[in-house]
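This briefing covers side-chain packing, aromatic pairs, charge pairing and the surface of one protein model. Please read the points below alongside the sequence and the structure.

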Amino acid sequence: MRAGKLAAWLSLVTALAAINYGSRLAGGKPDRNALYHYDLAIGGLLIYLIMLALVAWIAHEIPRRALGLRAPASWPRALGLTLAVLIGILIVERALEPLLHAGREQGLEPTRWQPDHAGAFAFNAVVIALVAPFTEELTFRGLGFGLLARFGPVIAVGGTAFAFAAAHGLVAGLIPLFVFGLGVGLLRLRTGSVYPGMLLHACFNGAVLALAAAT
């Protein structure tokens with residue numbers, strides 16, 4: 001049963017990568033002011049809802065513990081690890097950004113703040129900082145990690161990190177996303193829970209959006 005579920009998860013990840021890379025090749029450079037458009041948030045929300053439905057279908061009959069859907073043994077320890085990993089990721093990401101411009105490739109570096117489009121920005125912020133972390137962590141560090149765990153921690157952490165990076169369909173952002181995936185995967189490994197990763201992911205995305213609004 002697990003082999004079939006692993007094949008289904010790999011098919012989902014491959015489809016996401018193919019769709020996103022295909023869209024990027026067909027669409028060219030992203031709109032740097034995409035955060036000020038409602039269609040970005042609406043499209044993202046629809047995709048995440050479809051992902052959640054597929055993940056729920058694949059994860060059927062897998063124990064919640066295997067998916068990381070349980071509280072860490074110690075929340076204070078988990079929060080300390082989350083903060084340490086978040087700081088580490090932020091340092092690496094800021095070091096790579098001047099070289100790769102991954103934020104610009106994702107359309108997360110608007111040319112300037114546009115108060116007339118604050119509503120669209122807020123809608124995008126909800127999707128990016130709340131919906132995306134929940135869905136992506138459940139997909140990769142929840143279901144994916146649980147299915148790959150039988151092959152050992154290196155495969156579980158590294159495999160989900162690569163799948164997470166590839167699924168975004170980015171070129172310049174591939175390395176930063178892989179680094180991010182490694183950090184959150186290690187957090188999942190150390191805490192046995194997917195919830196600290198969701199929190200870290202939400203904080204990271206929120207920090208990126210705050211920086212975008214401040215420019």
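Is Y36 buried or exposed? Y36 is buried, because its relative accessible area is 3%, where buried means under 20% relative accessible area, exposed over 50% and partly exposed in between (1.4 Å probe, protein chains only). The model is predicted, so local features need pLDDT of at least 70 and side-chain atom pairs count only at pLDDT 80 or more, while totals for chains, interfaces and linings use all residues. Residues are numbered from 1 along each chain as its sequence is written, and side-chain values use heavy atoms, with hydrogens and water left out.

**Nonpolar cores**

- The largest nonpolar core has 39 residues, of which W9, F140, L143, F180 and L200 touch the most other members. A nonpolar core is a set of buried Ala, Val, Leu, Ile, Met, Phe, Trp, Tyr and Cys residues joined through side-chain atoms within 4.5 Å.
- Two or more residues of this core are given by each of α1 (2–27), α2, α3 (75–100), α5 (118–148), α6 (153–167), α7 (174–191) and α8 (195–214). Helices are DSSP runs (H or I, at least four residues), and strands are likewise DSSP runs (E, at least two), numbered from the N terminus.
- Helix α5 supplies the largest share of this core, eight residues.
- Apart from this core lies another, of nine residues, including L35, Y36, F121 and I128.
- L143 touches W9, V55, I58, A59, I62, L67 and L138, not counting residues up to four places away in sequence. Contact means heavy atoms within 4.5 Å.

**Aromatic pairs**

- The count comes to eight aromatic pairs. Rings of Phe, Tyr and Trp (its six-membered ring) pair if their centres lie within 6.5 Å; planes under 30 degrees apart count as stacked, over 60 as edge-to-face and the rest as tilted.
- W9 and F140 form an edge-to-face pair, with 6.4 Å centre to centre and 75 degrees between the planes. This pair links distant parts of the chain, with W9 in helix α1 and F140 in helix α5, 131 residues apart.
- W9 is buried, because its relative accessible area is 1%. F140 also counts as buried, at 2% relative accessibility.
- Y36 and W113 likewise pair edge-to-face, at 6.0 Å centre to centre and 65 degrees between the planes. Here too the pair links distant parts of the chain: Y36 is in the loop between α1 and α2, and W113 is in the loop between α4 (102–105) and α5, 77 residues apart.
- W113 counts as partly exposed, because its relative accessibility is 33%.
- Ring pairs link W9, F140, F164, F180 and F204 into a cluster.

**Contacts of individual residues**

- Leaving aside neighbours within four places in sequence, Y36 is in contact with P110, R112, W113, Q114, H117, A120, F121 and N124. Y36 and G119 are 83 residues apart in sequence and 8.0 Å apart in space, C-alpha to C-alpha.
- M51 is found in helix α2 and is buried, with a relative accessible area of 5%. Neighbours within four places in sequence aside, M51 is in contact with L16, T135 and T139.
- The C-alpha atoms of M51 and L16 are separated by 9.2 Å, and the two residues are 35 residues apart along the chain.
- T82 lies in helix α3 and is buried, at a relative accessible area of 5%. Not counting residues up to four places away in sequence, T82 touches L187, P196 and L200.

**Charge pairing**

- Side chains of opposite charge can pair when their charged atoms come close.
- The count comes to one salt bridge, defined as a side-chain nitrogen of Lys or Arg within 4 Å of a carboxyl oxygen of Asp or Glu.
- The side chains of R141 and E137 meet in a salt bridge at 2.7 Å, N to O. R141 and E137 are separated by about one helical turn, because they are four residues apart in helix α5. Both R141 and E137 are buried.

**Surface**

- Y38, I42, L46 and L49 make a nonpolar surface patch of about 410 Å². Patches are made of residues with over 30% relative accessible area and no salt bridge: like charges are joined within 9 Å, nonpolar side chains (Val, Leu, Ile, Met, Phe, Trp, Tyr) within 5 Å. Accessible areas come from the Shrake-Rupley method with a 1.4 Å probe; for residues, only the protein chains shown count as cover.
- Y38 is placed in helix α2 (residues 38–58) and is partly exposed, with a relative accessible area of 45%.
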